[in-house]
Amino acid sequence: MVTSRSAPTRSAAARRRDLPVALLLIAPSVVGFAIFYAYPTLRGIYLSFTDFHVLTPPTWVGLANFRELAGDGVFWHSLLVTTWFVVLSVVFGTLVSLVTAVVLHRLTSSTVLRGVILLPFLISNVIAALVWQWMLDPQLGIVNIVLQHLTGHTILFLGSGGWAVPTLAAISVWKGMGYYALLIFAGLQTVPPTVYEAGRVDGASEVQIFRRLTLPLLRPILAMVVVLTVIGSFQVFDIVQVTTKGGPANASNVLQMYIFNKAFTQFDFGYAATMSLALFALLIAVTFTQLRLARADESDLN
């Protein structure tokens with residue numbers, strides 16, 4: 001009896017001795033989170049209720065910025081453009097990543113090929129945007145040179161209102177496809193081969209196996225990929241800034257671009273903080289809705 005009571009006592013004492021060490025080890029992360037995440041977030045929330053133009057101290061205006069936001073036609077247009085960009089990026093990005101992951105899983109085991117597919121993700125967004133801007137140039141770009149030989153005419157990919165957003169979405173898909181494909185590929189690795197063998201024994205075709213077995217078992221991974229793609233797409237900025245700068249005629253003026261112009265061109269940081277807070281709330285709502293609809297915490301793999 002003495003031994004059974006003393007063991008928990010020694011364990012509790014050991015935990016108390018380890019507590020200072022544990023706090024010391026997590027202190028840098030906590031300090032970094034407080035300085036670079038928590039404080040800027042709280043400061044931004046405060047500034048969204050103020051009139052702040054950098055050279056003058058913030059002046060509390062209450063909900064005035066939000067009332068201005070509700071009637072701001074440029075904001076709603078930018079939100080619509082951003083939503084269109086997000087839809088294109090999520091739909092085509094997820095499909096391309098899924099197909100690429102299945103090809104890697106079923107047809108090849110080459111680590112070199114997997115590394116090549118991941119390479120675009122490792123490139124800076126600015127570099128990727130510059131390269132694609134040169135390749136899509138209407139006069140000197142290799143893409144339009146090929147189109148000129150095949151069809152007899154060129155396309156203003158980044159200079160046309162109808163082509164700007166789809167082109168930016170295609171660049172974004174190309175940039176992130178390798179990373180998301182590897183995430184899905186890792187999910188495919190967790191599916192036991194016996195599941196596929198049982199499907200083939202039951203007479204299921206490859207298409208049926210993919211639709212009835214692979215996709216349901218990949219639900220948590222696909223939900224994570226969709227959520228990450230949505231969040232990243234709503235925050236797109238550098239690709240737009242380098243290639244179109246929101247043009248032509250605000251056709252690609254995504255929300256982050258509008259926030260940037262308000263803050264660093266017009267120096268209206270209070271209103272820019274209000275739009276940032278609105279975007280933050282929108283992302284939270286969209287993320288929770290996606291997780292709820294996709295049942296990301298559930299898996300059909302038992």
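Trainee: Is Phe267 buried or exposed, or partly exposed?
Mentor: Phe267 counts as partly exposed, because its relative accessibility is 41%. Buried means under 20% relative accessible area, exposed over 50%, and partly exposed in between, with a 1.4 Å probe and protein chains only. Please note that this is a predicted model, in which local features need pLDDT of at least 70 and side-chain atom pairs count only at pLDDT 80 or more, while totals for chains, interfaces and linings use all residues. Residues are numbered from 1 along each chain as its sequence is written, and side-chain values use heavy atoms, with hydrogens and water left out.

Trainee: Where is Phe267, then?
Mentor: Phe267 sits in the loop between H12 and helix H13 (269-294). Helices (H or I, at least four residues) and strands (E, at least two) are DSSP runs, numbered from the N terminus.

Trainee: What is the phi of Phe267?
Mentor: Phe267 is not a glycine, yet its phi is positive, at about 60°.

Trainee: And what about the phi of Asn250?
Mentor: Asn250 has a positive phi too, of about 65°, although it is not a glycine. Asn250 belongs to the loop between H11 and H12 and counts as partly exposed, at 37% relative accessibility.

Trainee: Which residues does the cis peptide bond join?
Mentor: The cis peptide bond links Gly247 to Pro248, with omega at about -5°. Pro248 is in the loop between helix H11 (238-243) and helix H12 (255-264).

Trainee: Changing topic: is Thr229 buried or exposed?
Mentor: Thr229 is buried, with a relative accessible area of 8%. Thr229 is part of helix H10 (residues 219-234).

Trainee: Which residues does Thr229 touch?
Mentor: Leaving out residues up to four places away in sequence, Thr229 touches Ser89, Val90 and Tyr180. Contact here means heavy atoms within 4.5 Å.

Trainee: What does the side chain of Thr229 reach?
Mentor: It reaches the backbone oxygen of Val225, at 2.6 Å.

Trainee: What box do the C-alpha atoms fill?
Mentor: Along the principal axes, the C-alpha atoms of the protein chain fill a box of roughly 85 × 65 × 35 Å.

Terms used. A polar contact is a pair of N or O atoms within 3.5 Å; within protein, one must be able to donate a hydrogen and the other to accept it, and residues adjacent in sequence count only if both atoms are side-chain atoms.
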